[in-house]
Amino acid sequence: MWGGGITVDVKFFKHIPGNPIAYWVSKNFARLFENKTLAEYADARIGMVTGDNDRFLRLWFEIDNCKTFYEATDYISAFASGKKWFPLQKGGGKRYWYGNLEYLINYEKDGYEVKFDNTINGRVRSHNYNGNKSFMNGITWNSIGTSEIITRISDKGFIYDAGGPLCTINNKEYIYYFLGLLSSVIAQSIYKFINPTINYTPGTLLSLPVIINVENKQYIDNLVNENISESKDDWDSFETSWNFKKHPLI
């Protein structure tokens, strides 16, 4: 029975991930899932697990800046830099659009210590390296949250932690468009519907139904860029940012 006493064939829900018999949703909401999903336009991967964060992670201000490399574009340039420490996306608090850039990871020589000098009872503790995705730009999100997925832009140069995975967009021209979609109210409603937990896996993001409105793309891109810019200015206005120059009130 649909809300209001209307009978609905259970086949109506076959397009919804997990096939939930969600009698409380409207027909229009359920029909969203007849569209293509984000998986048609993007790839999302869980981030790396070091197995020993106390050893391999540091807050950025704990490390001599001469030993840190922020501009890697791939693992080749990271290796060639000869540096030991690289920025890490690690989730963090509730912050949209930009920020939570606090940690560095010891990934010297393509992460040799993390990959090979990191065992317990003879077993390597680290996994999910996703080397071909390291240092790429895309969209990152909090893999664990209390009520919603928090998405942010991620520039090149980062390695991705399990708490801050990476979603890359196949067509780079749509990265801001999809960041806007993933941060929208309707997306949050869909997330709660298809995954009513606090663990937000790559599959959760990729199951999001997508309708691309080309006519409004530029307008959406402008709004998202403005939000990113304001969030970045806010993040960089405090000494907790490695890009801090001076307080805006000075």
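Modeller: What follows is a short talk through the nonpolar cores, a helix pair, the aromatic rings and some backbone details. This is a predicted model, in which local features need pLDDT of at least 70, side-chain atom pairs count only at pLDDT 80 or more, and totals for chains, interfaces and linings use all residues. Residues are numbered from 1 along each chain as its sequence is written, and side-chain values use heavy atoms, with hydrogens and water left out.

Biologist: Which residues touch the most other members of the largest nonpolar core?

Modeller: They are L38, I139, C167, I169, F178 and L205, in a core of 42 residues. A nonpolar core here is a set of buried Ala, Val, Leu, Ile, Met, Phe, Trp, Tyr and Cys residues joined through side-chain atoms within 4.5 Å, where buried means under 20% relative accessible area, exposed over 50% and partly exposed in between, with a 1.4 Å probe and protein chains only.

Biologist: And which elements give two or more residues to this core?

Modeller: Those elements are the strands β1 (42-45), β7 (138-141) and β10 (166-169), together with the helices α5 (175-182), α6 (185-194), α7 (202-206) and α8 (217-236). Helices (H or I, at least four residues) and strands (E, at least two) are DSSP runs, numbered from the N terminus. A second, separate core has 13 residues, including L88, I105, V114 and I159.

Biologist: What is I169 in contact with, leaving aside neighbours within four places in sequence?

Modeller: I169 is in contact with Y41, A42, I139, Y174, I175 and F178, contact meaning heavy atoms within 4.5 Å.

Biologist: At what angle do α5 and α8 pack?

Modeller: The angle is about 75 degrees, with the axes of α5 and α8 8 Å apart; axes are lines fitted to C-alpha atoms, for helices over the stretch in contact, and angles run from 0 to 180 degrees between N-to-C directions. The two helices, α5 and α8, are therefore roughly perpendicular, a label for 65 to 115 degrees, whereas under 35 counts as roughly parallel, over 145 as roughly antiparallel and the rest as oblique. On the α5 side the contact is made by Y176, Y177, L179 and G180, and on the α8 side by K217, I220, D221, V224, N225 and I228.

Biologist: Switching to rings, how many aromatic pairs are there in the whole structure?

Modeller: The search finds 12; rings of Phe, Tyr and Trp (its six-membered ring) pair if their centres lie within 6.5 Å, and planes under 30 degrees apart count as stacked, over 60 as edge-to-face and the rest as tilted. Y96 and W97 make a tilted pair, because their centres are 6.4 Å apart and their planes are at 45 degrees. Y177 and F178 are edge-to-face, at 5.8 Å centre to centre and 85 degrees between the planes.

Biologist: Are Y177 and F178 buried or exposed?

Modeller: Y177 is buried at 6% relative accessible area, and F178 is buried at 1%.

Biologist: Where is W97, and what is its phi?

Modeller: W97 is in the loop between β3 (85-89) and β4 (103-106), and its phi is near 75 degrees, a positive value in a residue other than glycine. Most residues other than glycine have a negative phi. K109, in helix α4 (residues 108-116), also has a positive phi, near 55 degrees. W97 is buried, at 17% relative accessible area, whereas K109 is exposed, at 57%.
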